[in-house]
Amino acid sequence: MQNHFQEIYNVLPLVLVACGVFLSVVIEIGSVKSEKILPWFSVLVFLGTSLFSVFNLNNCGTAYNNMLSYGGNVFIFYSLFNLAAALTVLSSMEYIKKYGSYFGEYYILLLSSVLGMMLMAGARDLFMVFIGLELMSICFYVLAGINRKKQNANEASLKYFLLGSFATGFVVYGIALIFGTAHTTSLEVIVSNFGSLSHNLLFVTGMLLFLVGFSFKIAAFPFHMWVPDVYQGSATTVSGLMSTGGKAAAFSVLLIALGAVFPGNAANVFRPYFAAIAAFSMLYGSIVAISQNNLKRMLAYSSIAHAGYMAIGLAAGNRESVAGIMFYLVAYTFMNLGAFGIIAMVEGADDTNLELKDYIGLSQRHPLLSALMALFMFSLSGLPPFAGFFGKYYVFISAIKADLTWLAILGVVSSVISVYFYLRVIVYMYFKEPEPEALPVHNNANGVLAVVISAILVVMFGIFPGTLINLITSYLR
Amino acid sequence: MIEQYIPIFLVIGVSVVFSMAVIASSKLFGPQRPDSEKLSTYESGMKPVGGVRERISIKYYLVAMLFIVFDIEVIFVYPWGVEFKKLLGEQGISALVPMIIFLVVLELGYLYVYKKGGLKWD
Amino acid sequence: MNLIPIEYYLILSAFMFAVGVTGVLIRKNAIVVFMCIELMLNSGNLALVAFSSYMGSSAGQIFVFFVMTVAAAEAAVGLAIIIAIFRNKLTVNIDEINIFKW
C-alpha cells in the first residue's frame, strides 16, 4: 500500500490535472455559475501543477512498470505546459465573450489537452506516447472548432481533424513496425538497442513513419499544409496554445524516441531527414510569411519557421542540442503566447481587426499593448537580449558542433529574412498615420496580466539564459 | 502452397454453378404468372412503406456518435473480466479499484451528456 | 498454427495502408476521406496483431484495443465536426470548403 501512494505522489502532476478534468466536468454539470467558477478553477489547477512540478524537479525516476518517468526535464516540460495553459485561460476569459455564447466545455477540453501533453512528455512507452498524442489531438480538433456557428471555425476544425488523424495513421503504422522489429513497446529498450536496430530496414521504415506523423504535429515543412488555415480559423487563444504547447509536446516525444542519438550512443541515421525538413521549413516559413497581411496567418508561417529552427537541433543530435531545443521551446512558448494574447485582445467580434492595417496607430490607442507586442516581435525575430535570441543561439551552436555549419548558416539567413516581417508589425504600430475609424481596444485586466507575465518571462530568460540551460543540462544523462 | 487451396476453389466453383443452375432452371421450367402483388417487395407480410433511400433525421447521428463512444469503451472491461479471478487472488478486493474508477469516469461522461440535453429527442 | 507466414499479413497490411493513403489524397468527400483514415489505422492494427501472435506476446493486441477505442473517439469527434460544417455550408465536399487560401 505504501508503494502505491509513493507512486501516485511521484506522478502527482498528472493526477492533479486528471482530477482537475474530473472536477471541472462535475462543476459544469452541477453548478449554474460554472461560467464564473471554471476559468479560475482551471487556472488554479494549472498553477498548482506547475508549481508542484517546479519544486519536485529532483525527484527523478520511472513509475508504473517503466510506463512513465518523472522528475528532471519531464517536470520542466510539465510546468511549461501548465504555465502556458494558465496564461491561455487568462487571456481566454474575455476573448470567449466575443463569441456571444458560453461554451463550458472549452475549459474542460483545455484541461484534458494539457493532460495529453503531459502524458506525451512523460512517456517511456509507445502506449503512453500514443494515448497522450490522441488525447491532446482530439481535444484540439474540438477546440479549433469550438465556435461551431462560425464557418471559419468549422473549416479550421475539419482541416485539422482530417490531417491530424492522417498523421495518426502514420504514427500507428510506424508503431506497428517498430513493435514488430524491436519486439517491445518500451522506449527504454528500443533506445538501448537503437544502434543494432538501425540496420534493420523495417525498423527504420517504422521509425520514419513515426517521425513523419510527428512532423505533422510540429508543423514542419512538407507536412505544414494545415497550419496556416487552422491557426487563422480557430479561436486566437486556442491557436496560441496549439502552436506552443502542442509543438512542445511533439518535440518532447521526438527527444525521447531518439534518446539514443543524443548522448552519441548511436549514429543519427535520421540526420538527412531532419536536416531537410529543418532547412525547408525555415526558408519556406520565413519567405511566405512576408506576403501575409493577416497577423494570425503570419504567426502561423512563423511557427513553421520556428519548427525548422528547432529541427536543426534534432539533426545535430548531441547533448547541447537537447538543451537548446528545450530552451527554445520555453522561449518560443512565452513569446508566441504573448503575441497571440495581444492579437486576441485587439481582435474584434467576427474575426475583424486581424489585418496588419488594423494595427496602425496602436501605439497611441494602447501604448502598453503595442510596447509589449514590439517586445514579442523582437524576441520572435531573434534579436538580443530577449529569450528568442538565446534559443536560436544554443541550437545553432549545437549544429556547428555536429559539423552542420551549413544548416546553421541557413538558419541565420532565414532569421534575417524573418526580421523583415516581424519588424513590419512594429512599423505599422508606431510609424504610420492612424486612421480615424480604427476600432478601439478594450481594456481587459486578465488578458493584460497574461501578456505581462509572458513578457516578464521572455525578458527574464533573455537576461539570465544560463540558469535555465544549466538546469536542463544537469538533468541530461 | 497453391495446391492446398484447390479444395476451396472447387467449392467456390461448385457453389456458383449450382446456384446459377437452380435459378436458371426455375426460370426455364416453372410457370410464370406475375401480378403486382407478387412483384412488390417482400416485407414478411407487412405492406411495404416508402423507399429505402430516405434521408434520416440528423438526431440519429447524435445518438449514433454517443453509442460508438460508450459501446467501444466496454472493450476495456473484457480483459479485466477475463483476468479478474487471478487479480482477486493477487491483490484482494483492491483489484476492483481501477475498474471502479474507470466506470465512474465513464458514468460522469454519460451524466454530462444527459445534463447537456444530448439525449433529448425534441 | 502458423499456417500463413507473417509476410502475407505484412503485405496485406502495407497494401491496406497504401489504399488508405491514396484514398485520403484523392477522394473529395470528407466522410470518405475519414473512412480511408480509418483504413490506415486498421492496417496498423492488422500488422500489430500479426506481429503479436507471431512473437507470442500480447502487448500488440492490447495496443490494438487502445487504437480501436481512440479511433472510436476520433470517429465521434469527426462525425460531429462534419455535421457542424454540413449545417453551415450544406456540403461535405472538401473542394468546396475553401474559405482559407494562401
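Where in chain A is the place of Asp403(A)? It's in the loop between α18 and α19, the latter being residues 405–430. Keep that residue in mind, and remember as we go that this is a predicted model.

Asp403(A) isn't a glycine, yet its phi is positive, about 60°. Most residues other than glycine have a negative phi, and most peptide bonds are trans. Asp403(A) counts as exposed because it has 9 C-beta neighbours inside 10 Å, and 12 or fewer puts a residue in that class.

Asn65(A) is another non-glycine with a positive phi, this one about 55°. You'll find Asn65(A) in the loop between β1 (61–63) and β2 (68–70) of chain A. Asn65(A) is exposed too, with 9 other C-beta atoms within 10 Å.

Then there's a peptide bond to look at. Pro384(A) and Pro385(A) are joined by a cis bond, with omega about 5°. Pro385(A) sits in the loop between α17 (367–381) and α18 (387–401) of chain A.

Just after α5(B) comes Gly92(B), with a positive phi of about 70°.

Okay, on to the inside of chain A. The largest nonpolar core has 223 residues, and those with the most contacts inside it are Phe81(A), Ala331(A) and Val458(A). Helix α15 of chain A, residues 319–346, gives the most to this core: 20 residues.

Let's take Val458(A) and see who it touches. Setting aside residues up to four places away in sequence, Val458(A) contacts Ala331(A), Phe334(A), Met335(A), Gly338(A), Leu375(A), Phe376(A), Ser379(A), Phe386(A) and Ala387(A).

Now some helix pairs. Two packed helices are described by the angle between their axes and the distance between the axes. In chain A, the axes of α4 (residues 73–95) and α20 (residues 445–463) come within 7 Å and cross at roughly 150°. Angles over 145 degrees count as roughly antiparallel, and α4(A) and α20(A) are therefore roughly antiparallel to each other. Their crossing is left-handed. On the α4(A) side the meeting residues are Leu87(A), Leu90(A), Ser91(A), Met93(A) and Glu94(A), and on the α20(A) side they include Leu449(A), Ala450(A) and Ile453(A). By class, that contact has 6 nonpolar, 4 polar and 1 charged residues.

Pair number two, also in chain A, is α2 (residues 12–30) with α5 (residues 105–122): the axes come within 9 Å and cross at roughly 165°. α2(A) and α5(A) are therefore roughly antiparallel, and α2(A) passes α5(A) in a left-handed crossing. Among the residues that meet are Val17(A), Val21(A) and Val25(A) from α2(A), and Ile108(A), Leu111(A) and Leu115(A) from α5(A). The contact divides into 12 nonpolar, 4 polar and 1 charged.

The axes of α2(C), residues 30–55, and α3(C), residues 59–89, come within 9 Å and cross at roughly 175°. That makes α2(C) roughly antiparallel to α3(C). Phe34(C), Leu41(C) and Leu48(C) are among the α2(C) residues there, meeting α3(C) residues including Phe63(C), Val67(C) and Ile82(C).

How do the chains meet? The contact between chains A and C takes 32 residues from chain A and 35 residues from chain C. On the side of chain A that touches chain C, the elements giving two or more residues are α6 (126–144), α7 (151–182) and α11 (226–233) of chain A. The largest share of that side is from α7(A), with 17 residues. By class, the side of chain A that touches chain C has 16 nonpolar, 12 polar and 4 charged residues.

One last residue. Val189(A) has its place in helix α8 of chain A, residues 187–192. Is Val189(A) buried or partly exposed? It counts as partly exposed, with 16 C-beta neighbours inside 10 Å. Leaving aside neighbours within four places in sequence, Val189(A) contacts Ala182(A) and Thr184(A). Val189(A) and Asp125(A) are 64 residues apart in sequence, but 9.3 Å apart in space, C-alpha to C-alpha.

That's my tour, thanks.

Terms used: Residues are numbered from 1 along each chain as its sequence is written. Chains are lettered from A and ligands numbered from 1 in the order in which they are written. This is a predicted model: local features need pLDDT of at least 70, side-chain atom pairs count only at pLDDT 80 or more; totals for chains, interfaces and linings use all residues. Axes are lines fitted to C-alpha atoms, for helices over the stretch in contact, and angles run from 0 to 180 degrees between N-to-C directions. Helices (H or I, at least four residues) and strands (E, at least two) are DSSP runs, numbered from the N terminus. Angles under 35 degrees count as roughly parallel, over 145 as roughly antiparallel, 65 to 115 as roughly perpendicular and the rest as oblique. A crossing is left-handed if the near helix is turned anticlockwise from the far one by less than a right angle, and right-handed if clockwise. Two residues are in contact if their C-beta atoms, placed from the backbone, lie within 7 Å. Ala, Val, Leu, Ile, Met, Phe, Trp, Tyr, Cys and Pro count as nonpolar, Asp, Glu, Lys and Arg as charged, and the others, Gly among them, as polar. A nonpolar core is a set of buried Ala, Val, Leu, Ile, Met, Phe, Trp, Tyr and Cys residues joined through C-beta atoms within 7 Å. A residue is buried if 20 or more other C-beta atoms lie within 10 Å of its own, exposed if 12 or fewer, and partly exposed in between; C-beta atoms are placed from the backbone.
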